[in-house]
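Subject: Structure handover

Hello,

Here is the structure for your files. Please open it alongside this note; what I found follows below.

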Amino acid sequence: MMISSQKVVTIHYVLTDETDEVLDSSQGKEPLTYLHGAGGLIPGLEKELEGKAPGDELQVSIPPSEGYGEQNPGLVQTIPISAFEGIDRVEPGMQFNTSGPDGNTMLITVTGVNGDEVTIDGNHPLAGVTLNFDVNIVEVRDATDEELQHGHAH
Ligand code: ZN
(Lines give C-alpha, C1' and ligand atoms only; values in the text may rest on other atoms or scores of the structure.)
Protein backbone atom coordinates (compact mmCIF):
# COMPACT_ATOMS: atom_id res chain seq x y z
CA MET A 1 0.00 0.00 0.00
CA MET A 2 1.34 3.42 -0.95
CA ILE A 3 1.39 6.50 1.24
CA SER A 4 -1.37 8.96 0.47
CA SER A 5 -3.89 11.08 2.30
CA GLN A 6 -5.89 9.23 4.99
CA LYS A 7 -3.29 6.46 5.41
CA VAL A 8 -1.71 5.74 8.78
CA VAL A 9 2.03 5.53 8.27
CA THR A 10 4.73 4.12 10.54
CA ILE A 11 8.33 5.22 9.99
CA HIS A 12 11.74 5.07 11.59
CA TYR A 13 13.74 8.22 11.10
CA VAL A 14 16.94 10.03 11.96
CA LEU A 15 16.93 13.81 11.76
CA THR A 16 20.24 15.66 11.42
CA ASP A 17 21.14 19.28 10.78
CA GLU A 18 23.71 20.69 8.32
CA THR A 19 26.57 19.71 10.63
CA ASP A 20 25.40 16.05 10.88
CA GLU A 21 24.41 16.56 14.48
CA VAL A 22 21.50 14.25 15.35
CA LEU A 23 18.54 16.39 16.44
CA ASP A 24 16.00 13.62 16.82
CA SER A 25 15.78 9.93 16.08
CA SER A 26 13.43 6.99 16.53
CA GLN A 27 16.39 4.54 16.62
CA GLY A 28 16.12 2.30 19.66
CA LYS A 29 12.65 3.68 20.35
CA GLU A 30 9.14 3.07 19.09
CA PRO A 31 8.79 4.09 15.44
CA LEU A 32 6.71 7.18 14.67
CA THR A 33 3.12 6.61 13.58
CA TYR A 34 1.13 9.46 12.03
CA LEU A 35 -1.94 10.16 9.91
CA HIS A 36 -0.78 11.29 6.46
CA GLY A 37 -2.27 14.53 5.17
CA ALA A 38 -3.42 15.76 8.58
CA GLY A 39 -0.56 18.17 9.21
CA GLY A 40 1.15 15.87 11.71
CA LEU A 41 4.53 16.16 10.02
CA ILE A 42 6.30 19.16 8.55
CA PRO A 43 4.97 19.83 5.02
CA GLY A 44 8.25 19.07 3.20
CA LEU A 45 8.53 15.62 4.74
CA GLU A 46 4.91 14.67 4.03
CA LYS A 47 5.43 15.70 0.41
CA GLU A 48 8.54 13.48 0.08
CA LEU A 49 6.77 10.50 1.68
CA GLU A 50 3.76 10.70 -0.64
CA GLY A 51 3.62 7.63 -2.91
CA LYS A 52 6.27 5.66 -0.99
CA ALA A 53 5.63 2.12 0.31
CA PRO A 54 6.76 -0.12 3.21
CA GLY A 55 10.42 -1.09 2.82
CA ASP A 56 11.31 2.13 1.00
CA GLU A 57 14.16 4.19 2.37
CA LEU A 58 14.74 7.82 1.60
CA GLN A 59 17.18 10.55 2.43
CA VAL A 60 15.75 14.02 2.01
CA SER A 61 16.87 17.53 2.78
CA ILE A 62 14.03 19.85 3.80
CA PRO A 63 14.65 23.62 3.56
CA PRO A 64 13.35 25.84 6.40
CA SER A 65 10.49 27.10 4.20
CA GLU A 66 9.11 23.52 4.08
CA GLY A 67 10.07 22.80 7.68
CA TYR A 68 9.72 25.09 10.70
CA GLY A 69 10.00 28.34 8.74
CA GLU A 70 12.69 30.98 8.51
CA GLN A 71 13.97 32.82 11.57
CA ASN A 72 11.75 35.85 12.18
CA PRO A 73 13.81 38.65 13.78
CA GLY A 74 10.53 40.23 14.95
CA LEU A 75 10.08 37.36 17.41
CA VAL A 76 13.27 38.27 19.27
CA GLN A 77 12.60 40.78 22.06
CA THR A 78 14.20 42.24 25.14
CA ILE A 79 11.94 42.40 28.16
CA PRO A 80 12.50 43.36 31.83
CA ILE A 81 13.34 40.53 34.20
CA SER A 82 10.38 41.65 36.33
CA ALA A 83 8.16 40.01 33.68
CA PHE A 84 9.35 36.66 35.03
CA GLU A 85 7.56 37.06 38.33
CA GLY A 86 7.69 33.95 40.49
CA ILE A 87 10.74 32.48 38.77
CA ASP A 88 13.78 32.44 41.04
CA ARG A 89 16.48 32.35 38.42
CA VAL A 90 16.16 33.27 34.75
CA GLU A 91 18.86 31.63 32.63
CA PRO A 92 19.63 31.25 28.93
CA GLY A 93 18.13 28.07 27.52
CA MET A 94 14.99 28.20 29.68
CA GLN A 95 11.80 27.69 27.70
CA PHE A 96 8.27 28.85 28.44
CA ASN A 97 4.90 28.43 26.82
CA THR A 98 3.02 31.66 26.34
CA SER A 99 0.12 32.74 24.16
CA GLY A 100 1.15 34.42 20.95
CA PRO A 101 -0.57 37.33 19.14
CA ASP A 102 -2.90 34.89 17.35
CA GLY A 103 -3.90 33.24 20.64
CA ASN A 104 -2.02 30.04 19.85
CA THR A 105 0.47 28.61 22.31
CA MET A 106 3.96 29.72 21.48
CA LEU A 107 7.25 28.39 22.86
CA ILE A 108 9.72 31.08 23.82
CA THR A 109 13.36 30.50 24.66
CA VAL A 110 15.50 32.74 26.87
CA THR A 111 18.60 33.46 24.78
CA GLY A 112 20.35 36.00 26.99
CA VAL A 113 20.26 37.69 30.40
CA ASN A 114 22.00 41.02 30.89
CA GLY A 115 21.42 42.59 34.29
CA ASP A 116 17.68 43.11 34.54
CA GLU A 117 17.10 42.71 30.80
CA VAL A 118 16.18 39.36 29.31
CA THR A 119 16.34 38.50 25.60
CA ILE A 120 13.68 36.05 24.48
CA ASP A 121 13.21 34.33 21.12
CA GLY A 122 9.77 33.14 19.98
CA ASN A 123 11.10 31.36 16.89
CA HIS A 124 10.73 27.59 16.78
CA PRO A 125 14.07 26.09 17.89
CA LEU A 126 14.38 24.55 14.41
CA ALA A 127 13.38 27.69 12.46
CA GLY A 128 15.99 28.51 9.84
CA VAL A 129 17.47 25.00 10.01
CA THR A 130 17.74 22.73 6.97
CA LEU A 131 16.50 19.35 8.15
CA ASN A 132 18.07 16.15 6.80
CA PHE A 133 15.86 13.13 7.28
CA ASP A 134 16.86 9.51 6.83
CA VAL A 135 13.56 7.61 6.75
CA ASN A 136 12.58 3.93 6.62
CA ILE A 137 8.95 3.21 5.93
CA VAL A 138 7.76 0.41 8.20
CA GLU A 139 4.03 0.15 7.64
CA VAL A 140 1.18 1.80 5.73
CA ARG A 141 -2.48 1.07 6.43
CA ASP A 142 -5.89 2.64 5.95
CA ALA A 143 -6.96 4.98 8.74
CA THR A 144 -10.02 3.94 10.76
CA ASP A 145 -13.12 6.16 10.77
CA GLU A 146 -12.29 7.16 14.33
CA GLU A 147 -8.75 8.19 13.40
CA LEU A 148 -10.07 10.28 10.51
CA GLN A 149 -12.55 11.99 12.86
CA HIS A 150 -9.85 12.73 15.42
CA GLY A 151 -7.31 13.82 12.81
CA HIS A 152 -4.53 11.66 14.24
CA ALA A 153 -3.33 8.04 14.35
CA HIS A 154 -4.20 5.81 17.28
ZN1 ZN B 1 -8.01 10.17 18.91
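Which residues does Thr98 touch, not counting residues up to four places away in sequence? They are Asn104, Thr105, Met106 and Ile108. Keep in mind that this is a predicted model.

Thr98 sits in strand E6, which spans residues 95-99. Its relative accessibility is 34%, so Thr98 counts as partly exposed, between the 20% and 50% cut-offs. Gly122 is 24 residues away from Thr98 along the chain, and the two C-alpha atoms are 9.4 Å apart.

Next, the metal site. Three histidines are the protein donors of the zinc ion: His150 through ND1, His152 through NE2 and His154 through NE2. These donors lie 1.8 to 2.2 Å from the zinc ion. Along the chain, the donor spacing reads H-x1-H-x1-H. His152 has a relative accessible area of 39%; since that falls between 20% and 50%, His152 is partly exposed.

Now the interior. In soluble globular proteins, nonpolar side chains tend to be buried together. Here the largest nonpolar core has 20 residues. The members that touch the most other members are Ile3, Leu45, Leu49, Leu131, Phe133, Val135 and Ile137. Four elements each supply at least two residues of this core: strand E1 (7-16), helix H1 (43-49), strand E4 (57-62) and strand E9 (131-142). E9 gives the most, with 5 residues. There is also a second, separate core of 9 residues, and Met106, Val110, Val118 and Ile120 are among them. Met106 is also one of the residues that Thr98 touches.

Ile137 deserves a look of its own. Leaving aside neighbours within four places in sequence, Ile137 is in contact with Ile3, Thr10, Ile11, Leu49, Lys52, Ala53, Pro54, Gly55, Asp56 and Leu58.

Last, the largest pocket. Its volume is about 200 Å³. The lining comprises 13 residues. Tyr13, Asp24, Leu41, Tyr68 and Phe133 lie nearest the centre. E1 and E9 are the elements that give two or more residues to this lining. E1 gives the most, with 3 residues. By class, the lining has 11 nonpolar, 1 polar and 1 charged residues.

Best wishes

Conventions. Residues are numbered from 1 along each chain as its sequence is written. This is a predicted model: local features need pLDDT of at least 70, side-chain atom pairs count only at pLDDT 80 or more; totals for chains, interfaces and linings use all residues. Side-chain values use heavy atoms; hydrogens and water are left out. Buried means under 20% relative accessible area, exposed over 50%, partly exposed in between (1.4 Å probe, protein chains only). Contact means heavy atoms within 4.5 Å. Donors are N, O and S atoms within 2.8 Å of the metal (3.2 Å for Na, K and Ca); water is not among the atoms, so sites may look incomplete. A nonpolar core is a set of buried Ala, Val, Leu, Ile, Met, Phe, Trp, Tyr and Cys residues joined through side-chain atoms within 4.5 Å. On a 1 Å grid over the protein atoms alone, a cavity is a set of points where a 1.4 Å probe fits but cannot get out, and a pocket is an open set with protein on both sides within 12 Å along at least five of seven lines; lining residues have an atom within 4 Å of a point. Grid points are joined across faces, edges and corners, and a volume is the space filled by probe spheres set on the points. Ala, Val, Leu, Ile, Met, Phe, Trp, Tyr, Cys and Pro count as nonpolar, Asp, Glu, Lys and Arg as charged, and the others, Gly among them, as polar.
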